[in-house]
2 protein chains.
Amino acid sequence: MSTLPDAFLRALSESFPADFCTRDPDELQELGRDWTRVYAPAPSAVVLPRSTDEVARFLALCNQHRVPVVPSGGRTGLAGGAVAKSGEVVLSLRRMNRIGEVDLLGNTVRVQAGAVTEAVHQHCAAHGLTWPVDFASRGSSQIGGNISTNAGGVKVIRYGPTRSWVLGLQVVTAQGEVLELNGALEKNNTGPDLRQLFIGSEGTLGVITEATLKLTRIPKKLDVFLFAVPDIAAVLRLFREARRAPITLSAYEFFTDRCLLRVQRHRGLRSPFDAPSGCYVLIETEGGDPETMEAWLGTLFERGLVTDGTLAQSLQQAQELWALREAISESLSATGLPHKNDIALPIAALEAFCAELDAVFAARYPGWEICLFGHIGDGNLHVNVMKPDGMSKEEFLQHTHAADAALFELVQKHHGSVSAEHGIGLLKKDALSWSRSPAELAMMRTLKRALDPNNILNPGKIFDL
Amino acid sequence: MSTLPDAFLRALSESFPADFCTRDPDELQELGRDWTRVYAPAPSAVVLPRSTDEVARFLALCNQHRVPVVPSGGRTGLAGGAVAKSGEVVLSLRRMNRIGEVDLLGNTVRVQAGAVTEAVHQHCAAHGLTWPVDFASRGSSQIGGNISTNAGGVKVIRYGPTRSWVLGLQVVTAQGEVLELNGALEKNNTGPDLRQLFIGSEGTLGVITEATLKLTRIPKKLDVFLFAVPDIAAVLRLFREARRAPITLSAYEFFTDRCLLRVQRHRGLRSPFDAPSGCYVLIETEGGDPETMEAWLGTLFERGLVTDGTLAQSLQQAQELWALREAISESLSATGLPHKNDIALPIAALEAFCAELDAVFAARYPGWEICLFGHIGDGNLHVNVMKPDGMSKEEFLQHTHAADAALFELVQKHHGSVSAEHGIGLLKKDALSWSRSPAELAMMRTLKRALDPNNILNPGKIFDL
């Protein structure tokens, strides 16, 4: 266990409640990790504030004593951003989970950073409203974590990312100062938008303590289609068509047959089609009338854009179709050891990129199992390489590390991102320069040094100073 | 005319084309101003680059010689942000007006910063696409200016502000370094989003040279309604109703009878109603079918939510209704001398704020003419006080300056913004602290010093260092 300065520990015990800080080894293990399992958690302590005031006084203390802090929400991150592996103090927002009254005229809700995503959804649903940021880990992820990672998810194609749904932010700076940013304003052009510094910067520039979330009406009617298509080129042809069609796209997801086989193995779920197919596309549309939807389905068959397809006829069927997609991540991890990548390409570059991806796989992973899936309508692919049976974990990691370079080189060639939604954290630090120029990295360092000169906020995450 | 260092002038003539720089007095007057007429333009020179490379080399030169620069676009700003009043060099993006091919799969278009807004709209319309940022000055405003001011306009309620429609930015820093930010990516979580530093910071942190704009499909069908209602409380009751109705709101604008009278005087336009009314509301909806729209109109009458109302029966009628709203700014300036404010309130605070506004007016402007209008659906009010006949301009400005304090105090009480869309520039610097805390101002100064240590980019705009 890391040594914390005596004066720091004394101040902690004098100025904060008895249960503010824990050094219990089990809690340190649990709260020092996130969903990545690569790093051994090793925080020196965990603090669990109940108020913004406690967060502010605590950060001021850390800044004074140069104690590094890892802000921690639901710990569902996939890049190690919330991992404390070097004796940092974990600042868990877990106790700060209050959700305010829904503002029914402004369509907003004020929440503390530790509010759980699903709880916010349920709280607002009673009024026919929702915060349209949604993904599989909704039952554990917290609002503060969502905002600090600019969480994506399945609804970005319709609603945009988290960034578009945050009206106001309350943030505590490295110096322990509380900033109230933008309140509940839809419009505010009074200089640089400081909220944006904290959205997506993974807790390295400030700690989010509260947020005013922008809400939208829950769509009255959603239709869910599943299509079977031969390959990724067909996935993209169907996407072109969907973009032009008289429909409001609410989701456009795809997965390969390898993913479906693993979902079958782990969860017993099957596709509704008789014959297997190279790829599957899940499309969700909003507000369409039944005749238009059935007609559209018909034209897709007539024009040979799909091999098979089905339109869910009930809420249950819709949920079953979604389950095929949402079970993939968990199924891959449960049935093998996946090496994950989460990349994005400009939509216009997808076809060329995917065509060249096969060549990369053939060269680097001849005969290996590759599970591809994701939010392809946003240009976002999840690339999961499964460890071959019989190969040691160490050999696997060496191989995938080298192969990643080839993948990232291809991503860079097409002006893509090495991390579409999951962030950089610890896991993708080495890859950052494939998507960010030296000039950008210099500016990010400049920002970090300006806002956190003592480097106490999540040091070593995203990049090193 | 301000003195520019000899070495600087020598380098200009040696390293740039002959027509790069002008010191012609008429051009200096014209290009040193924006739509505010409060400040006497007094630039020392104007430069008109043709390429990003010229912008970069020029800024590096300015940085080296500490020559202040005012980035300039369409000069339609309303806060003096593009005014050069202290011998700065105006950097006009006018010549950099190229618009690229529309990317029909990704729904994007790449433009240079000097591209005119309306030209971009027309270029994309051929493909059934548009960049959904729109306002009256579209024929003169440029993309770079729109982005650097996070322009609002009439479609924010449906599409959000400019910030939501910028995928990639090419920016030149104060040091003359070119940053390519985010390309054409819908998703990219690779550290802090540097684009956001330059959107809405009014040219004080970097100069935008190119942008990749996100486009959307032009709505197939828009319906335009005009309603007569007695007062602002009725405007807000109708808004509550419109938010709940089974319609997609594309605009929600209001204006008072005083505005309409001035529009009649200046442009001869009249409302379609027989009787005058205290307030008018223009609603635009997207994608509704005629029966639903007529039925909704009927319920509004039945429930006494409107005194009168009409639904445009043709494109021409729709344009005539819009003209009543869009002609207001110009009509006020043409028929008198307005003192303008552009404020925003949280939507939930609008009713209370408007009720108290009357008291402020009664105390500060008893008997004066006040023209209220704006994007009330975003919480945004344009408050225009007309100079009484016979009062001198000087006395008028003294009076309004004092009254502004009362207005801003009320805005602050309701957690509003002293500048919803127009920015701070020069005009609203004194008001900034009504909407930004000392801690926020300190952080903005920290950012400025970090990115532009020699304070050459639009110095003295938004705040002083």
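A:Glu202 counts as buried, at 6% relative accessibility. In this predicted model, A:Glu202 sits in the loop between helix H7 (195–198) and strand E10 (207–214) of chain A. The backbone there is worth a look too: A:Glu202 has a positive phi of about 50° although it is not a glycine. Most residues other than glycine have a negative phi. A:Asn150 also has a positive phi, near 45°, and belongs to the loop between helix H5 (143–148) and helix H6 (156–159) of chain A. A:Asn150 is buried as well, with a relative accessible area of 8%. Then there is A:Asn107, with a positive phi near 55° in the hairpin of E5(A) and E6(A), where four residues lie between the strands.

| Residue | Element | Relative accessible area |
|---|---|---|
| A:Thr108 | strand E6 (residues 108–112) of chain A | 7% |
| A:Asn150 | loop between H5 and H6 of chain A | 8% |
| A:Glu202 | loop between H7 and E10 of chain A | 6% |
| B:Gln196 | helix H7 (residues 195–198) of chain B | 4% |

Strand E5 (residues 99–103) of chain A pairs with E6(A) in the antiparallel sense, over three bridges. A:Thr108 in E6(A) is the bridge partner of A:Asp103. Leaving aside neighbours within four places in sequence, A:Thr108 touches A:Glu101, A:Val102 and A:Asp103, plus A:Leu167, A:Thr212, A:Leu213 and A:Leu215. A:Gly74, on the other hand, is 34 residues away in sequence and 22 Å away in space, going C-alpha to C-alpha.

Over in chain B, an open sheet of five strands runs in the order E5-E6-E10-E8-E9, with antiparallel pairing. The edges are strand E5 (99–103) and strand E9 (178–181) of chain B; each has a single partner strand, so one side of each is left without a neighbour in the sheet. Direction ignored, neighbouring strands of this sheet are turned by 10° against each other on average. Strand E6 (residues 108–112) of chain B is joined to strand E10 (residues 207–214) of chain B by five bridges, and B:Val111 stands opposite B:Ala211 in E10(B). Lying across E5, E6 and E10 of chain B is helix H4 (residues 117–125), which runs at about 35° to E5(B).

How do the two chains relate? A rotation of 180° with 0.0 Å of shift along its axis puts chain B on chain A, with an RMSD of 0.0 Å. That is the relation of a two-fold axis. The copies meet through the same surface, because 100% of the interface residues of chain B are also interface residues in chain A.

One residue with contacts in both chains is B:Gln196, which touches A:Arg163, A:Gln196 and B:Arg163 once neighbours within four places in sequence are set aside. The side chain of B:Gln196 makes polar contacts with the side chain of B:Arg163 at 2.7 Å and with the side chain of B:Asp193 at 3.1 Å.

Which residues touch the most other members of the largest nonpolar core? Among its 130 residues, A:Phe58 and B:Phe58 do. With neighbours within four places in sequence left out, the contacts of B:Phe58 include B:Phe8, B:Phe16 and B:Phe20, and also B:Leu12, B:Leu91, B:Val47, B:Val69 and B:Val89.

Methods
Residues numbered from 1 in each chain as written. Chains lettered and ligands numbered in written order. Predicted model: local features only at pLDDT ≥ 70, side-chain atom pairs only at ≥ 80, totals over all residues. Heavy atoms only, no water. Least-squares fit on C-alpha atoms with pLDDT ≥ 70 in both. Contact = heavy atoms within 4.5 Å. Helix = DSSP H or I, 4+ residues; strand = E, 2+ residues; numbered from the N terminus. Buried < 20%, exposed > 50% of the residue type's maximum accessible area, 1.4 Å probe, protein only. Core = buried A, V, L, I, M, F, W, Y, C linked by side-chain atoms within 4.5 Å. Pairing = 2+ DSSP bridges. Axes fitted to C-alpha atoms, helices over the stretch in contact; angles between N-to-C directions. Polar contact = N/O pair within 3.5 Å; in protein donor to acceptor, adjacent residues only side chain to side chain.
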